[in-house]
Amino acid sequence: CRQPPLASAVQLNGSLNQPAGPPDGGWSVEVALPLDGLMAHNAGADQRPRDGVFWRINFSRVQWALKVDQATGRYVKAPACQSCAQPGSAHEDNWVWSPQGEVAMHEPETWAIVQFAEGGAAAAASRPAYDEWPARALARALYRAQRSHRAQAAAAAVRLHTRGAGFATPPPPYTADLAALDRLPPPPRRA
């Protein structure tokens with residue numbers, strides 16, 4: 001579907017992509033979200049911004065470390081991530097408005113919660129909390145734990161198979177179906 005156009009403005013304090021230009025002092029950006037356009041694609045019409053409604057939202061900025069190419073005098077990427085688990089690794093920096101715990105911007109379950117309220121922050125603080133949050137957070141934690149366990153179990157099974165642990169066929173994929181496990185042939189006996 002076509003996304004509604006965004007109104008935006010950028011303010012530069014310095015130069016843009018000009019190593020020999022004036023010193024860079026920073027920048028700012030403003031974006032106006034076209035609410036009518038965004039709501040046109042939303043099945044929950046009752047979720048329009050109004051008092052007591054919660055939305056999930058996040059903003060992301062990807063930044064590559066740069067160096068000046070001496071031959072051209074232009075900036076070139078010189079990946080040296082400062083926000084990564086291993087600072088200096090050859091990746092981009094990913095900055096987000098609301099921390100997510102990992103680089104996964106396409107997971108709205110991890111985005112911040114915004115509460116719309118009439119009367120400002122004090123009025124919002126006196127209203128009920130996002131009732132679904134504890135259950136959603138628990139479900140997300142269980143999902144991630146299950147995925148992690150599955151990946152570790154599959155890796156361990158593959159290691160056993162590749163080390164010649166006696167399997168005649170590759171290990172089966174992870175399953176919670178115990179009857180399927182009972183149908184597997186037993187490993188051959190070692191002489």
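**Note on the predicted model**

1. Val96 lies in strand β7 (residues 93–96); strands here are DSSP runs of E with at least two residues, helices are runs of H or I with at least four residues, and both are numbered from the N terminus. This is a predicted model, in which local features need pLDDT of at least 70 and side-chain atom pairs count only at pLDDT 80 or more, while totals for chains, interfaces and linings use all residues. Residues are numbered from 1 along each chain as its sequence is written, and side-chain values use heavy atoms, with hydrogens and water left out.

2. Val96 has a relative accessible area of 31% and is partly exposed (buried is under 20%, exposed over 50%, partly exposed in between; 1.4 Å probe, protein chains only). Apart from neighbours within four places in sequence, Val96 contacts Asn58, Phe59, Ser60 and Met105, where contact means heavy atoms within 4.5 Å.

3. The chain has four helices and eight strands, in the order β-β-α-β-β-β-β-β-β-α-α-α. Of its 191 residues, 12% count as buried. Among contacts between residues at least 6 apart in sequence, 45% join residues at least 24 apart.

4. The count of salt bridges is one (a side-chain nitrogen of Lys or Arg within 4 Å of a carboxyl oxygen of Asp or Glu). Asp36 and Arg48 form a salt bridge at 2.6 Å, N to O. Asp36 sits in helix α1 (residues 35–39) and Arg48 in the loop between α1 and β3 (54–57), 12 residues apart. Asp36 is exposed at 58% relative accessible area, whereas Arg48 is partly exposed at 34%.
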